[in-house]
Amino acid sequence: MSARTTVERPPAERAAAARPVRPSPPGRPRRRGRLAKWLGSGAVQAVLIVVALIWITPLAGLFLSSMRSERDNASDGWWTALTDPSQLSLDNYTALFEDSGIAAAFWNTVLISVPATLLVVGIAALAGYAFAWLDFPGRDAVFLVVVGLLVVPVQIGLLPVAKLFGAVGLFGTVAGVILFHVAYGLPFAIFLLRNYFAEIPREMLEAARMDGGGEWRIFSRLVLPLGRPAIASLAIFQFLWVWNDMLVALLFADSESQPLTVALQSQMRQFGSNIGVLAPGAFLSLVVPLVVFFAFQRHFVQGVMAGSVK
C-alpha cells in the first residue's frame, strides 16, 4: 500500500483558487479589438509621430544650443549646427561644472529631491496600509482629514510655514525645503496608495495571517511587492514635482541652499551674457527627470493601467 502525500499550496495560490471567476461581458473583447485596431492604424501612428517631433524639437534645440559657443548662438540659429557639426563642443558643460554656484545648486537639488521623494513614499506606504487594512479608532475620520488636505493650495501655507521655520531655525536650509515638500506631498501620496492597497484581495491577507504572518511581515512581503506599480508612479510624480519646483525653493532656500531652478532663474537676468551657462544648465535640469521617468517607465505604465482593467 503506497503512502499518499499532499503538497500544500502557498497562501496566495489558495486565495486565488478560492476567488470566483467572473465572466467578462460579451461586448468587451470586441470593443478592445476595435480599439487596438484603431490605435494600430497608420493615421494614428502618423499623428503620434508628428506630436513626438513637436515635443522633441525644442529639446533638440536646447541640446544643440548648450553645445555651441555664445558667439555662434548670437550669430545664427541652433539648426545650423546640423550642417556644421564643428560648432559643437563640451566647453559649456565644462564651464558649467567649474562654476561653483551652479554645481552647488545642482547638488542641492539632488539633496532636496531624493530625501523628499523617499520620505513621502515610505511614510505614505505605511499610512496607506494602515488606512486600508488596520482597524483603529478614528481611522475613517483621520482619512477624511487627509483627503480634505488635498484641496489646500500650496500658496496658503507659504507664509505661516515660513514664520514657523524661522522660529525653529529651519528657514533658509535644505532641511526646511525637504520638510515642506514632504508635508505637502503626503496627502496625495496617502490617498493614492491607500486606494491601491485597498484593492488587494482580503483573502490573501487573511491567508497570510493564518500562516502566522505579522502585520510588518505582511506589509513588507506581500503588500509592497503587489503595490510596486503604484509606488513607482508616486515616486515619479513626487520626484518630478520637487525637482522642477521653484516657488517653494525661492521662498525657503537661501543662496547656499538654493536648487538648480533658482540658480537658473537668477541667470535669466543676464541672459545675453550667460547663455553659455544657462543653456547647458537648463538641459541638465531637464535630462535628469527624463532619465528617472524612463528608468521607471514600465512600473509607471502598470500603475496607470491598474485601475482601468478589471
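Student: Phe180 first: buried or exposed?

Tutor: This is a predicted model, so everything here is computed from predicted coordinates. Phe180 is buried, because its relative accessibility is 1% and the cut-off for buried is under 20%.

Student: Which ring does Phe180 form a tilted pair with?

Tutor: With Phe252. The two centres are 4.8 Å apart and the planes make an angle of 35°, which gives a tilted aromatic pair. This pair links distant parts of the chain, since Phe180 is in helix H9 and Phe252 is in helix H13, 72 residues apart.

Student: And Phe252, buried or exposed?

Tutor: Phe252 has 0% relative accessibility, so it counts as buried.

Student: How many aromatic pairs does the structure hold?

Tutor: It holds 15. Another of them is Phe131 with Phe143, whose ring centres are 5.4 Å apart. Their planes are at 55°, so that pair is tilted. It also links distant parts of the chain, with Phe131 in helix H6 and Phe143 in helix H7, twelve residues apart.

Student: Are Phe131 and Phe143 buried or exposed?

Tutor: Phe131 is buried, with a relative accessible area of 9%. Phe143 is buried as well, at 12%.

Student: Which charged residue sits over the ring of Phe143?

Tutor: Arg194. Its charged end is 4.7 Å from the centre of the Phe143 ring.

Student: What about Leu144, buried or exposed?

Tutor: Leu144 is exposed, because its relative accessible area is 61% and exposed starts over 50%. Leu144 is in helix H7. Its C-alpha atom is separated by 9.7 Å from that of Phe191, 47 residues away along the chain.

Student: Switching to the core. How many residues are in the largest nonpolar one?

Tutor: It has 41 residues, and those with the most contacts inside it are Leu193, Phe197, Val223 and Phe252. Helices supplying at least two residues each include H6 (100-133), H9 (174-197) and H12 (228-243). H6 gives the most, with eleven residues.

Student: What does Leu193 touch, leaving aside its sequence neighbours?

Tutor: Beyond four places in sequence, Leu193 is in contact with Val121, Ala124, Ala125, Gly128, Ala230, Ile231 and Leu234. Apart from this core lies another one of 13 residues, among them Ala105, Phe239, Leu284 and Val292.

Student: Back to the 41-residue core. Where does Phe197 lie?

Tutor: Phe197 lies in helix H9. It is buried, with a relative accessible area of 0%. Past its neighbours within four places, its contacts include Ala125, Gly128, Tyr129, Trp133 and Val223. Phe197 and Gly128 are 69 residues apart in sequence, and their C-alpha atoms are 7.0 Å apart in space.

Student: What volume does the second largest pocket have?

Tutor: About 250 Å³. It is lined by 13 residues, of which Thr117, Ile231, Ala232, Ala235 and Phe296 lie nearest its centre.

Student: Which helix gives the most to that pocket lining?

Tutor: H12 gives the most, with six residues. H6 and H12 each supply at least two.

Student: Last, the whole chain. How many helices and strands?

Tutor: The secondary structure comes to 16 helices and zero strands. The chain has 310 residues, and 36% of them count as buried.

Student: And of contacts between residues at least 6 apart, what share joins residues at least 24 apart?

Tutor: That share is 74% in this chain.

Note on methods:
Residues are numbered from 1 along each chain as its sequence is written. This is a predicted model: local features need pLDDT of at least 70, side-chain atom pairs count only at pLDDT 80 or more; totals for chains, interfaces and linings use all residues. Side-chain values use heavy atoms; hydrogens and water are left out. A nonpolar core is a set of buried Ala, Val, Leu, Ile, Met, Phe, Trp, Tyr and Cys residues joined through side-chain atoms within 4.5 Å. Buried means under 20% relative accessible area, exposed over 50%, partly exposed in between (1.4 Å probe, protein chains only). Helices (H or I, at least four residues) and strands (E, at least two) are DSSP runs, numbered from the N terminus. Contact means heavy atoms within 4.5 Å. Rings of Phe, Tyr and Trp (its six-membered ring) pair if their centres lie within 6.5 Å; planes under 30 degrees apart count as stacked, over 60 as edge-to-face and the rest as tilted. A charge sits over a ring if NZ of Lys or CZ of Arg is within 6 Å of the ring centre and within 35 degrees of the ring normal. On a 1 Å grid over the protein atoms alone, a cavity is a set of points where a 1.4 Å probe fits but cannot get out, and a pocket is an open set with protein on both sides within 12 Å along at least five of seven lines; lining residues have an atom within 4 Å of a point. Grid points are joined across faces, edges and corners, and a volume is the space filled by probe spheres set on the points.
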